[in-house]
Amino acid sequence: MNENAGPYEHLIIFDTTLRDGEQSPGASMNLAEKLEVARALADLGVDVIEAGFPIASPGDFEAVQAIARQVHGPTICGLARCNNADIDRAWEALRDAPKPRIHVFLATSAIHREFKLHMAKEEILRRAVEGVTRAKSYCDNVEFSPEDASRTELDFLVEVVEKAIEAGATTINIPDTVGYAVPDQYGAIFAHLRKHVRGIDKVVLSAHCHDDLGMAVANSLAAVVSGARQVECTINGLGERAGNCALEEVIMAVRTRGDFFQLATNITTRKLHHTSRLVAHVTGIQVQRNKAVVGQNAFAHEAGIHQDGMLKERSTYEIMNPEDVGLPKTELVLGKHSGRHALRERVLELGYHLDEQQLQKVFENFKVLADRKKTIYDADVEALAEAVMASGPALWTLEAVTCNAGSGTIPSAAVCIWHKDGTIVREASLGDGPVDAVFKAIERVTGIEVELRDFRVRSVSVGEDAQGEAHIEAFYNGRSVTGRAISTDIIEASALAFVQVINRIAMRKAQSRLHPQTEKEVPASTVV
Ligand code: KIV
Ligand code: ZN
């Protein structure tokens, strides 16, 4: 549904959460999670999903291919450098998509030419043309990005863009790769290209901004004012370093200030909150409380004078309605006696697509929770649905965990864990604290030792009996693995999340034995 329908021109929303967003440290997602996010993006109404960088790893290839085959509605895009191997691999992943796009990129700034690529301008021009031509031989819809465009000499940028258009590019993206631009200057680049590039009217101009100086959204909007008609963005502003332009902020700016921008998008804004939550959940990267549009405090009014104004007339202090971004009210939704049907309806209303088996599991967990906890909120149901989505076939299953801690005692823990072959293993350990003792006991059972990088517990709803969600990021063999779990007992949630990390490592080890190339990746320094 086009919520901004009207006489306005269309602004294309290109989401790169699954590509640039996934390049965020610790944000890696597995195949099932990527599919879930892609489906949520399609539901949200984005026009283009950049699903990954197929040559980067077999996992990336598989995800782009699965999304191309299964997620319909948006155009599905895959990234490639300007070389044959990258472009061929991207096409192999995308070829089954009803609406495919190949996105080729090549750095153009002097600093990248000299120090990274060791190429003269002539070679850059030649390779850009070859890359676009090859992509075009597979697919009509080709996007070209001169990487680090905002630091490229304007004359040379004009030349590269003109050649890329002649070779068949249909979208020209102008990345502010290192977040260096400021709005007036970035907007002026678009105005310059529109004035000086032959054939510019045949293509869509696109903005792609990073947030190193906190200006990604402002820069993108400046480009829009100067004629860009595609914005590349990510949910929650996820992305390399300080992140990319936040989709939810651009959307609400364009909508709230429709009087100024006079543009329409296909985004159903009521789904923004759900999509933001889903991405935060699968990546384990929580949104800061005061984040614009989707932060917990975005619509909270604390000062008495503001509250008074709000009660008299909402628009005194609120420029957007919380309902318009889909902010759920904290309310009691279900109780101990609610049936399977009511739960299924609620899960669907909250935006989760679960199969029968998963729904059954959510229902069973809901009953257990209802016995432990008086009131069940939307946030609890969301957490139950997300926990079921996150759980895959497991090698190890936690049966029981106990621990002993307190001042004057040495913290200790005991765990009891099933192996999938039917054996049960018990172990105990001392630790620096109860959680450390639990993790050490689990490592003893499974024989897998990890380096813990991050451990967080947060409450998923309200009240003293609220469920706690544990999130863990660990390193194993130089790669990051995440796990998360919920329980009303935070020690149990922590143990479950840690077992999930161990299971993911075990699965990865088994897969890499079958496919030795699985662990091989393109050096990350080649993409920004
Ligand atoms: O930031 C950047 O330059 C990129 C390109 C690959 C488009 O992400
Ligand atoms: Zn980028």
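These entries go through the ground rules, then the loops, then the helix pairs.

**Ground rules.** I'm working from a predicted model, where local features need pLDDT of at least 70, side-chain atom pairs count only at pLDDT 80 or more, and totals for chains, interfaces and linings use all residues. Residues are numbered from 1 along each chain as its sequence is written, chains are lettered from A and ligands numbered from 1 in the order in which they are written, and side-chain values use heavy atoms, with hydrogens and water left out.

I looked up Asp148 and found it in the loop between β6 (142-147) and α6. Helices (H or I, at least four residues) and strands (E, at least two) are DSSP runs, numbered from the N terminus. Asp148 has a positive phi of about 60° although it is not a glycine. Most residues other than glycine have a negative phi. Asp148 counts as buried because its relative accessibility is 0%; buried means under 20% relative accessible area and exposed over 50%, with partly exposed in between (1.4 Å probe, protein chains only).

What lies 2.8 Å from the backbone nitrogen of Asp148? I found a polar atom of the Thr177 side chain there. Thr177 sits in the loop between β7 (171-176) and α7 (183-196), and at 3% relative accessibility Thr177 is buried too.

I checked the loop between α4 (110-117) and α5 (121-138), where His118 lies. His118 also has a positive phi, about 50°, and is not a glycine. Buried or exposed? His118 counts as exposed, because its relative accessibility is 62%.

I had the axes of α6 (residues 154-167) and α7 coming within 10 Å and crossing at roughly 55°. Axes are lines fitted to C-alpha atoms, for helices over the stretch in contact, and angles run from 0 to 180 degrees between N-to-C directions. That angle makes α6 oblique to α7; under 35 degrees is roughly parallel, over 145 roughly antiparallel, 65 to 115 roughly perpendicular, and the rest oblique. In α6, Leu154, Leu157, Val158, Val161 and Glu162 meet Ile189, His192, Leu193 and His196 of α7 (contact means heavy atoms within 4.5 Å).

I then noted that the axes of α1 (residues 31-44) and α2 (residues 58-70) come within 10 Å and cross at roughly 40°, so α1 is oblique to α2. On the α1 side, the contact residues include Leu31 and Lys34, and on the α2 side they include Asp60 and Gln70.

Conventions. Polar contact = N/O pair within 3.5 Å; in protein donor to acceptor, adjacent residues only side chain to side chain.
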